[in-house]
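Subject: Structure handover

Hello,

Here is the structure we talked about. My notes follow below it.

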Amino acid sequence: MTKKKVDLLITNASELITLQGWSQKPALAVQMRDLGIIRKGSIAIHNGKIVATGKASEIERTFSGKESIDATGEVVMPGFVDPHTHLVFAGFREDEFEMRIKGLSYMEILQRGGGILKSVQETRKASEEQLVENCKKTLDIMLEHGTTTVEAKSGYGLTLKDEMKCLRVIQRLNKEHPVTVVPTFLGAHAIPAEYERNADEYVKLIIDEMIPAVADQKLAEFCDVFCEKEVFNKDQTKQILLHGKTHGLKPKLHADEMTAFKGAELAAEVEAVSAEHLLFASIAGLKAMAKKHVNAVLLPAAAFSLMLSRYANARKMIEIGIAVALGTDFNPSCWVENQQTIIALACRQMKMTPAEAITAVTINAAHAIKRAHEIGSLEPGKKADVIILNIPNHKFLGYRFGTNLVNKVIKEGKLVVDRE
Ligand SMILES: [Zn+2]
């Protein structure tokens, strides 16, 4: 029998983590522990896509690779998907980190003109070119740590002109950087200083001008709102998200992060694609989310950065049957690019098992950004976004932390990171 020639074979992984079976619907409850592992597994890749996965002996009998990578003793799995980042901003907030150590809360820092508003000032001053350069550095680091797709929000512009600038940056990154970047419009990230006493007027600007412009230029797929006490209330959030929907922007929301604000209930009501954070979500709200298939995106690094003692109740969400995903929440107050760190935090602070956390940063994260049809698992026909980790089995993810366990990254069939 002549062998089929393919571009690339990755052979003999100690564990080939396929996560197959969850492309149509996310993995729920006990399904989150089923990683679809093939021991001594190989994968065939051609034209940037996955052709086949299976036992090394079978794959090597059927295919010959123009190139091949020996993954003996290593774990091979889908590239990480980061479903929640505030990628585009200028400047730093290291001083505020010290304020937090000394005991000031996030809201106190925001009220002193720090927090988001400081980043807004600096982002408004930055040129599109500068922002693209900043973001490329961040994406390089993310890619080196195994992230091959990232959702990116605007939200540090807060004027029509500056929000559009930030979204154009995301559009350019998609063309100029190997990482896939999925755009979200977050004009409702904070109430800008010039609308301090007139939040409704700012909401009107978002609805009347920003959303139509963003949709018209096809600069975002999702519309997100920071629904929180003293930021955007439930009524304003609902108005923005429903209006976004009429323009084809799918709803997401930052919900119940700092206070119990019935954000989870609202996420279910507007049939959001996802609700994020959820530290203070009510059980009724979570049940409503499960019923309406709203994905939960949990961001333990945000709680860690804010030095909170509370984390989202991931165990309850998994028990209720919510699709749980995990993201970095990369932003100037939570500066983390690495999804491996998030797995370590999720295991320790939210008692997720390594297998559950792996599902949450791959296929379930892909569902949270509506990309599960093309990424998040290793199955024929999907994009060949594959990472090779220097660990003997998946339980080392989360267990070992603080160093980069990723050896190689393959993005759409091309070797883009090789740390050996
Ligand atoms: Zn966020």
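Glu-412 is partly exposed, because 18 other C-beta atoms lie within 10 Å, and a residue needs 20 or more to count as buried. Glu-412 sits in the loop between β15 (406-411) and β16 (414-418). Its phi is near 45°, a positive value in a residue other than glycine. Keep in mind that this is a predicted model.

Leu-158 also has a positive phi, about 60°, and is not a glycine. You will find Leu-158 in the loop between β7 (147-153) and α6 (160-176). Leu-158 counts as buried, because it has 28 C-beta neighbours inside 10 Å.

Next, helix α5 (residues 128-144). It has 17 residues, so at 1.5 Å a residue it should span 24 Å; the end C-alpha atoms are 24 Å apart, which agrees. Its buried residues are Leu-131, Cys-135, Thr-138, Leu-139, Met-142 and Leu-143. They cover an arc of only 135° around the axis, so they are on the same side of α5. An α-helix has 3.6 residues a turn, so residues three or four places apart point the same way. The buried residues of α5 pack against β6 (80-82), β7, α6, β15 and β16. The face turned away from the buried side carries Glu-129, Glu-133 and Lys-137, which are exposed.

Now α8. This helix has 13 residues and reaches 18 Å from its first C-alpha to its last, close to the 18 Å expected at 1.5 Å a residue. Gln-236, Thr-237, Ile-240, Leu-241 and Gly-244 are its buried residues. Seen down the axis, they fall within an arc of 125°, so they line one face of α8. Their cover includes β8 (180-188), α7, β9 (222-226), β10 (250-255) and α9 (263-269). On the other side of α8, Asp-235 and Thr-246 are exposed.

How do α7 and α8 pack, and at what angle? Helix α7 (residues 199-216) and helix α8 (residues 234-246) have axes 10 Å apart, at an angle of about 5°. Angles under 35 degrees count as roughly parallel, so α7 and α8 are roughly parallel to each other. From α7, the contact is made by Ala-199, Val-203, Ile-206, Ile-207 and Ile-211. From α8, it is made by Gln-236, Gln-239, Ile-240, His-243 and Gly-244. By type, the contact residues are 6 nonpolar, 4 polar and no charged.

Ile-191 lies in the loop between β8 and α7. Ile-191 counts as buried, because it has 24 C-beta neighbours inside 10 Å. Leaving aside neighbours within four places in sequence, Ile-191 is in contact with Glu-196, Ala-199, Tyr-202 and Val-231. Ile-191 and Leu-378 are 187 residues apart in sequence, and 42 Å apart in space, C-alpha to C-alpha.

Last, Glu-94, which is found in helix α2 (residues 94-101). Buried or exposed? Glu-94 is exposed, because 10 other C-beta atoms lie within 10 Å. Val-179 is 85 residues from Glu-94 along the chain, and their C-alpha atoms are separated by 27 Å.

Best wishes

Methods:
Residues are numbered from 1 along each chain as its sequence is written. This is a predicted model: local features need pLDDT of at least 70, side-chain atom pairs count only at pLDDT 80 or more; totals for chains, interfaces and linings use all residues. Helices (H or I, at least four residues) and strands (E, at least two) are DSSP runs, numbered from the N terminus. A residue is buried if 20 or more other C-beta atoms lie within 10 Å of its own, exposed if 12 or fewer, and partly exposed in between; C-beta atoms are placed from the backbone. Axes are lines fitted to C-alpha atoms, for helices over the stretch in contact, and angles run from 0 to 180 degrees between N-to-C directions. Angles under 35 degrees count as roughly parallel, over 145 as roughly antiparallel, 65 to 115 as roughly perpendicular and the rest as oblique. Two residues are in contact if their C-beta atoms, placed from the backbone, lie within 7 Å. Ala, Val, Leu, Ile, Met, Phe, Trp, Tyr, Cys and Pro count as nonpolar, Asp, Glu, Lys and Arg as charged, and the others, Gly among them, as polar. The expected span of a helix is 1.5 Å times one less than its number of residues. The arc is that of the directions from the helix axis to the C-beta atoms.
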